[in-house]
Amino acid sequence: MVYEFSYKEREQYFSVYEKMLASREYFFEWHPEWHGAFEPTPAEDDLDRLYNPFYIVAVDDTEEIIASVRILPTTGPTLLRQKFARFFKACPDIISPDVWEASYFSTTADTSLPAGRSLVVDMLKAVYECAFSSGVSQIIGTYPRSKLRLYRRLNCSPVSVCSGDINGQEFCVGVWDITPLLLRHLVELQLRPF
């Protein structure tokens, strides 16, 4: 099941919100390349508390395994602007009503297995559908270069804008175009074996 809600609506989805925060901690515990950018854990931060972001959370049938992402408009404060820009030389400051930032993409699913990848695809489909219906043309995000293989498996690789070093790991700022073709591809991806 996929849930979509804002920070102000989190009380209505309290158990899902709590699981999302737990998945952030789990994800960052198992992916130490992020530790140089966050202190001490990225459970809930000021961008959550002060700027009413939008969350998209996919939950499996057991309601324990989840995939989630936080969406912020680039017309206000973003994680890239607040935390990551200092790690990238000539990092663009993207401010546009047509561009969203996706941050805190995290999952407790094993994406090497079909069920785990399917859960992530459910979340990505919801992100693209929401962006497309809102007139958003691009999504920007920061990711470790080592995670490109996941995006390649899902066949939705970003266009890299710049890269830099965080705690000895190469990170990139990337842009995903929101197109009907990519949304259709994600739908088709779930209909065939990975």
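Two strands pair if DSSP finds at least two bridges between them, and the strands themselves (E, at least two residues), like the helices (H or I, at least four), are DSSP runs numbered from the N terminus. The model described here is predicted: local features need pLDDT of at least 70, side-chain atom pairs count only at pLDDT 80 or more, and totals for chains, interfaces and linings use all residues. Residues are numbered from 1 along each chain as its sequence is written, and side-chain values use heavy atoms, with hydrogens and water left out.

Seven strands make up an open sheet with mixed pairing, in the order β1-β2-β3-β4-β5-β7-β6. At its edges lie β1 (2–6) and β6 (159–166), each of which pairs on one side only. On average, neighbouring strands of this sheet are turned by 20° against each other, direction ignored. Within the sheet, β2 (residues 54–59) and β3 (residues 66–73) run antiparallel and are joined by six bridges. Val59 has Ile66 in β3 as its bridge partner.

Helix α1 (residues 14–30) touches β1, β2, β3 and β4 (99–107), and its direction makes about 75° with that of β4. Helix α4 (residues 114–133) touches β1, β2, β3, β4, β5 (138–144) and β7 (169–177), and makes about 150° with the direction of β2. For such angles, axes are lines fitted to C-alpha atoms, for helices over the stretch in contact, and the values run from 0 to 180 degrees between N-to-C directions.

Ser106 lies in strand β4. Ser106 counts as buried because its relative accessibility is 0%; buried means under 20% relative accessible area, exposed over 50%, and partly exposed in between (1.4 Å probe, protein chains only). Beyond its neighbours within four places in sequence, Ser106 is in contact with Ser23, Arg24, Phe27, Ile66, Ala67 and Ser68.

Leu183 sits in helix α6 (residues 180–191) and is buried, with a relative accessible area of 17%. Leu183 and Glu129 are 54 residues apart in sequence, yet 7.2 Å apart in space, C-alpha to C-alpha. Apart from neighbours within four places in sequence, Leu183 is in contact with Lys125, Tyr128 and Glu129.

Last, the cysteines. The structure holds zero disulfides, a disulfide being a pair of cysteine sulfur atoms within 2.5 Å. Cys172 is buried at 0% relative accessibility, and its sulfur is 8.1 Å from the closest cysteine sulfur, in Cys162, so it is too far for a bond. Cys130 also counts as buried, at 14% relative accessibility.

Conventions:
Contact = heavy atoms within 4.5 Å.
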